[in-house]
Structure formats: structure tokens, C-alpha cells
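Good morning, and thank you for coming.

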Amino acid sequence: MRHDDLGGGLAGTALYEIVAAHTSGTWSAAQAAARAVTAQPLTAHPGEAGLYRGVPAAAYALHFAKPPAASRTLAELDAETIAITAARLDAAQHRMDSGHPPRMAEYDLISGLTGLGACLLRRERQAALERILRYLVRLLTEPLTVAGHQAPGWWTADGPRGLPEQGAFATGHANFGLAHGMPGPLALLALAARAGITVDGQDQALDQGITFLTTWARPTADGIIEWPELLTLPDFLDGPARGEPGRPSWCYGAPGTGRALQLAALARRNSPARQFAEHVVLGCITDPRRLARIEDSTVCHGWSGLLLTCDRIAADALTPAITHQLPLLRSHLSAHLVRHQIPESGGLLTGSAGVLLTLHTLRVPRPADLGWETCLLLN
């Protein structure tokens, strides 16, 4: 288990222990977890470090720690994160100027500049964040030419695994997942606007993202509206068509993508788009066949991520319909945990830390809202 991995390692475990300590008032486990993260060298190479790995992952987890003893470490981690961000932005701008499509890891939440932006937003490092926002505006508003056809600026050269592929993905793809695709940049632009941080062109980028997601939501064979997980170039050129039923998860699926659209609509005061996002999510989470596709308890693609995402959507929803579904989703998570153990691995996305964080955050009475879910682009 990597010590500086937020998604599947000790940094994610530290995040849970630190958040939980705010409620319990007992900091020994949190301090031990923080020491475990920082006891070894942290990945700081710009080609490897991101929100979920290395220096930025440690900075994000330690941000929520309460004795100020971590302040010096955090100042050092901030400086390194800003340096990583600058190097990544320089490379991205050079790539943009060349007209080539981006790799998935250039801009996504897990490895790319969107994730670094989420870290900087939570750490209140406005100048560095604004540079990322300007990059994302350009990403969402300046089209590319791919195999002689116009495509969005966020069209990735990679296949779904984040690597160049041949065959159907030889010309790359459009990714609709919150973790790896365009909804991530859209959600970050919206969250920054919500925090009062804006740059030139941000409204235009939000509007274009809203238009794209509302255009590409499409009914499946059973009549329920969903977004595709991804599109190949021929699919994109053919235009919206009837899709296949998908899994309603945080990383890919209607809940995560719907939250991005809802946040963008809130930022732009676009009530029809906001209602549409909530309608799409509600349709998916009230269908037993789609819920049956959830097979584990994790945040990434399991019950915890679904419940947490829908809880945040419900908090901003115009109607109470999604709120009414939360007890059922909670019962599904509880039933799964009765039948199966919490994952033995650590980490936020695929391990026990994410499940425990979800249970802690949604407990009754609710603990103080620390905003830790920014790393999931939920708030």
C-alpha cells in the first residue's frame, strides 16, 4: 500500500482519521496516520504527482488536520504542489499550442490539472488556481481537429484506460466520467465560481459544458435518460443516439455526471439545466435494474459513492424527490455491509477509508461539514 496514495493508500486513510477526529476530539490515530504519510519521501515529479498521488495527496489530507503542528509541513507541501502545477500547466499550454489532443491524465481529476485545482481550491491558493481555471476555460471552449473532424478541446488521445490504443480508440475518445472526463473540469469551474473565484471566459466555458451534457443525455432502450460513459469518434460524429443502461456510480454514470451538470447550472443560475440534471439522476437511482449493477461498497463505483453523491445532489435540488430516495440507498449500503466486509485495503476510492468516511459524514446528527468531498468534486 502506497503511503502517498489518496485513492488506495495511506493518504486516504489519514484523511478519514483526520476528519473523524474533528468529531471524536481524539487525535492520536489521526496524528499517527499523518506521520505514516509524511515519514517517507513523497512523489513530486510533475509527470507522476497529482491529487491522488504524491505531494498534492498529502497536502490535501493534511489540510484537515487540526493541531497547527502540521502548518510548516503544509507550507512546504503547498510550495511543491504549486511548482508541480506550474510545470504541468506549461506542458499543457505547449500541447494546446501544437493543436494535439490531450492525454487523459493531463486534465482529469485523478491524475491531472483538475485534481490539482481541487487541491488548490481547498487550500485557498487562489493565484495558482486561477491559472488552472484559465487553462480549463481554454480546454472547454477551444475545439480541436481530430482525424480531419472538429472535436471538443478535451477530446483525449487515449483509450479508456488512459493509454494510447489502436482499433476503435485509435483516434481517442470523449469521456463523460466525473473522475476522468469533461464533467471534472466543468465541476471544478462551477465550484470555483461558487467560492467567488472566476477568470475571463469562465461563464462561457460553463455554458458550453452545460450545452454539451444536456445535448448528449439520451434515452436508453427502456426509456430512462443517461449519458454515455464514452464516445469514439464515429459515435461522436453520428450524434446522440439511443444508449445502453449503465451503472449509476460516482466515477462514471448519471450521479457523478449529473452532479457536475447541477453544479454548473447552479453557477450559471440555469434552472432548466439544473432540473434536467436532477431528473436524469432520479430516473437512474429509482430503477432496480440499474441499482443491481452496483456490486461493492466503495466510493469509486459502489454504494458509498452513489449515496454520498446523491446526498450532495439532494442538498441543492429544486425538488425533494432525490432526498426521498436517500433512505433506500442507505439501506442498500447497510445491507451490503452486512453481507460483505468493508474492504480490507485502505484508501478513499477503493478501500475502507472511503466507506468509513461516507458513514461518518452521513451519520445522524451530521458532523461539522469540513468540505473534504472537494477531492470528489461534490462540493
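Glycine 50 sits in the loop between α2 (28–38) and α3 (55–63), where helices (H or I, at least four residues) are DSSP runs numbered from the N terminus. This is a predicted model, in which local features need pLDDT of at least 70 and side-chain atom pairs count only at pLDDT 80 or more, while totals for chains, interfaces and linings use all residues. Residues are numbered from 1 along each chain as its sequence is written, and side-chain values use heavy atoms, with hydrogens and water left out.

Glycine 50 has a relative accessible area of 2% and is therefore buried; buried means under 20% relative accessible area, exposed over 50%, and partly exposed in between, with a 1.4 Å probe and protein chains only. Setting aside residues up to four places away in sequence, glycine 50 touches Pro56, Ala57, Ile110, Ser111 and Leu116, contact meaning heavy atoms within 4.5 Å. Its C-alpha atom is 24 Å from that of aspartate 369, a residue 319 places away along the chain.

Threonine 114 belongs to helix α6 (residues 113–123). With 0% relative accessibility, threonine 114 counts as buried. Beyond its neighbours within four places in sequence, its contacts are Tyr107, Asp108, Leu109, Leu136, Gly184, Pro185, Leu188 and Leu377.

Is valine 338, by contrast, buried or exposed? Valine 338 is exposed, because its relative accessible area is 71%. This residue is found in helix α15 (residues 321–339).

I turn to helix α14 (residues 303–316). At 1.5 Å a residue, its 14 residues should span 20 Å, and the end C-alpha atoms are 20 Å apart, which agrees; the expected span is 1.5 Å times one less than the number of residues. Of these 14 residues, 13 are buried, so α14 is largely enclosed by the rest of the structure.

On a 1 Å grid over the protein atoms alone, a cavity is a set of points where a 1.4 Å probe fits but cannot get out, whereas a pocket is an open set with protein on both sides within 12 Å along at least five of seven lines; lining residues have an atom within 4 Å of a point. Grid points are joined across faces, edges and corners, and a volume is the space filled by probe spheres set on the points.

The largest pocket has a volume of about 330 Å³. Its lining comprises 17 residues, of which Gly47, Arg88, Ala105, Glu106 and Ser111 lie nearest the centre. The elements giving two or more residues to this lining are α4 (71–98) and α5 (104–107), and α4 gives the most, with 4 residues.

Finally, the aromatic rings. The whole structure holds 7 aromatic pairs. The rings of tyrosine 60 and phenylalanine 64 have centres 5.4 Å apart and planes at 65°, so this pair is edge-to-face; rings of Phe, Tyr and Trp (its six-membered ring) pair if their centres lie within 6.5 Å, with planes under 30 degrees apart counted as stacked, over 60 as edge-to-face and the rest as tilted. Tyrosine 60 is buried at 0% relative accessibility, and phenylalanine 64 is buried at 4%. Ring pairs also link Trp154, Trp155, Phe176, Phe212, Trp216 and Phe236 into a cluster.
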